[in-house]
Amino acid sequence: MRKALALLTALLAVIMAPIATAAEQKEAPLVLAAASLQESLNAAADAWSARGHPRPRISFAGSSALARQIEAGAQADMFVSADEPWMDELAGRKLLKTGTRVSFLRNTLVLIAPRVSAVKLAVRPNMPLAQALGTGRLAIADPAGVPAGLYAKQALTKLGVWVSVQGKLAPAENVRAALALVSRGAAPLGIVYGTDAKADPDVKVIGLFPAASHDPISYPVALLASSRNPEAEGFRRFLISTEGKALFHRFGFGTK
C-alpha cells in the first residue's frame, strides 16, 4: 500500500511539474505610469494578479520623464500618461503599438493646504493667491513639462493670477512630490489632482479649479511598439474594462 501511494505521489509530481514551470515562465509586464496613479494602479495590478497572472511591475514618475525614457529606448511594455500630448509625441515617433491607445481616465485639479492650515481661499478669477502664500511658496509639479504643472499653469493663467505667483513657485519633479511638500508643511499651498488630495490624509482641499480653466485631464494607456509580452495586452484590456474602471472609481477617478 505504501509503495503504491509513493508511486502515485511521484506520478502526480511528474504530471504537475510542467504546469508549474509554464506558470512560472510567464513574464510580468513592465508598466511606466504617471505618479498620480500609485494607489489605483497598484490595486489594479493586485486584482490582475489574483486572477492567476504575474503581477505587473510598475514604475511611477512624471509623465514627461517616462516619455523621455521611452524615447531613449527604455525596455517596457506599457505607458499610462496623465495627459494626451506626451502620448501624442510617442505616437508621432512610432513608439506605440498600433490600435492599443485608449483614453480611459479623468481627473480634477484642486488647491490644497496642510490639514492643520487655517487658510481659506475661494478659487476664482483674480483670487489673492500670492497674498495667501505669504512668505511661502506654491507647490506644483514642474510646469515646464509635467502634466499636473501644465494644467496648474493653464488654470492660474486663465484665472489671472499666474503672473503674481510665478516667482513664488516650488516646482517638483511630479505631482506626488508637490503633494509631499504640502503634506509635510514645507509649502503652505499646492495644486494637485483631486485623487492625490484624496490619497493623503495630511492635506485638505481648499478649492476646486473650474474644468473650463484648463485642458481636460485625460489619461491614455497604450502598449509600446517594442513590447513582446502577451501579458501586457491582457492587463491593458483589464484596465479599460468595466471592472477595471470601477476600481479606479473607488480612488476618485472619472472614467471615459
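Reader: Why is D88 called partly exposed?

Author: Its relative accessible area is 42%. Buried means under 20%, exposed means over 50%, and partly exposed lies in between (1.4 Å probe, protein chains only). D88 has 42%, so it is partly exposed.

Reader: What kind of model is this, and how are residues numbered?

Author: This is a predicted model, in which local features need pLDDT of at least 70 and side-chain atom pairs count only at pLDDT 80 or more, while totals for chains, interfaces and linings use all residues. Residues are numbered from 1 along each chain as its sequence is written, and side-chain values use heavy atoms, with hydrogens and water left out.

Reader: What makes R101 and D88 a salt bridge?

Author: A salt bridge needs a side-chain nitrogen of Lys or Arg within 4 Å of a carboxyl oxygen of Asp or Glu. The closest N and O atoms of R101 and D88 are 2.8 Å apart. That meets the rule, so the pair counts. R101 lies in the loop between α4 and β4, D88 in helix α4, and 13 residues separate them. Helices (H or I, at least four residues) and strands (E, at least two) are DSSP runs, numbered from the N terminus.

Reader: Which label does R101 get from its relative accessibility?

Author: The value is 30%, so R101 counts as partly exposed.

Reader: How do you know that E84 and R101 meet in a salt bridge?

Author: The N to O distance is 2.6 Å.

Reader: What makes R51 and E243 a salt bridge?

Author: Their side chains meet at 2.1 Å, N to O. This pair links distant parts of the chain, 192 residues apart: R51 is in the loop between α2 (38-49) and β2 (57-61), and E243 is in helix α11 (residues 242-250). R51 is partly exposed at 46%. E243 is partly exposed too, at 43%.

Reader: How many salt bridges does the rule give?

Author: The count comes to 10. One network of salt bridges links E39, R176 and D196.

Reader: Is H214 called buried or exposed?

Author: Its relative accessibility is 10%, so H214 counts as buried. Its place is in the loop between β9 (203-208) and β10 (218-223).

Reader: Which residues is H214 in contact with?

Author: Contact means heavy atoms within 4.5 Å. Leave aside neighbours within four places in sequence, and H214 touches L109, Y151, Q154, A155 and F209.

Reader: How much of the chain is buried?

Author: Buried residues make up 47% of the 256 residues. The chain has 11 helices and 11 strands.

Reader: What is the order of the six strands in the open sheet?

Author: The order is β2-β1-β3-β10-β4-β11, with mixed pairing. β2 and β11 (254-255) each have a single partner strand, so one side of each lacks a neighbour in the sheet, and they stand at the edges.

Reader: How do you know that β1 and β3 pair?

Author: Two strands pair if DSSP finds at least two bridges between them. Three bridges join β1 (residues 30-34) to β3 (residues 78-80). A33 has V80 as its bridge partner in β3.
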